[in-house]
Amino acid sequence: MNKSDARIIAQRLAEHGIDYETATTADMYAAAEYEGVDRPEGRDDEWDIRSALVPLVPCSLDDPNS
């Protein structure tokens, strides 16, 4: 998987309010299929997607008031 595909998947997840802590492999697969890009193939690809999600959706665990 290339970084561009990871960003495309992250954008789709972000549009649904899914952050880097709550994104599941199934979420990533569904977003990849919907967008017509390669699915993540292992942990490195999943972490690329999670890293791309960080600036897009604030994680509820980052908020000290939650």
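In helix 1, residues K3, A6, R7, I9, A10, L13 and A14 meet D48, I49, A52 and L53 of helix 3. Keep in mind that this is a predicted model.

Now the geometry of that pair. Helix 1 covers residues 3-15, and its axis lies 8 Å from the axis of helix 3. The packing angle between these two helices is about 55°. Because of that angle, helix 1 counts as oblique to helix 3. As for handedness, the crossing of helix 1 past helix 3 is right-handed.

Read from the N terminus, the order of elements is α-α-α.

Next, contacts across the chain. Take the contacts with a separation of 6 or more: 64% of them join residues 24 or more positions apart.

On burial and surface, the chain has 66 residues, and 36% of them are buried. Its accessible surface is about 4,300 Å². Carbon and sulfur atoms account for 47% of that surface.

Last, confidence. The mean pLDDT over the chain is 89, and 88% of the residues reach at least 70. Which helix has the highest confidence, and which the lowest? Helix 2, residues 25-35, is highest with a mean of 97. Helix 3, residues 43-53, is lowest with a mean of 95. Helix 3 is also the partner of helix 1 in the contact I opened with.

That's what I have; questions are welcome.

Terms used. Residues are numbered from 1 along each chain as its sequence is written. This is a predicted model: local features need pLDDT of at least 70, side-chain atom pairs count only at pLDDT 80 or more; totals for chains, interfaces and linings use all residues. Side-chain values use heavy atoms; hydrogens and water are left out. pLDDT is the predictor's confidence in each residue, from 0 to 100. Helices (H or I, at least four residues) and strands (E, at least two) are DSSP runs, numbered from the N terminus. Buried means under 20% relative accessible area, exposed over 50%, partly exposed in between (1.4 Å probe, protein chains only). Contact means heavy atoms within 4.5 Å. Accessible areas come from the Shrake-Rupley method with a 1.4 Å probe; for residues, only the protein chains shown count as cover. Axes are lines fitted to C-alpha atoms, for helices over the stretch in contact, and angles run from 0 to 180 degrees between N-to-C directions. Angles under 35 degrees count as roughly parallel, over 145 as roughly antiparallel, 65 to 115 as roughly perpendicular and the rest as oblique. A crossing is left-handed if the near helix is turned anticlockwise from the far one by less than a right angle, and right-handed if clockwise.
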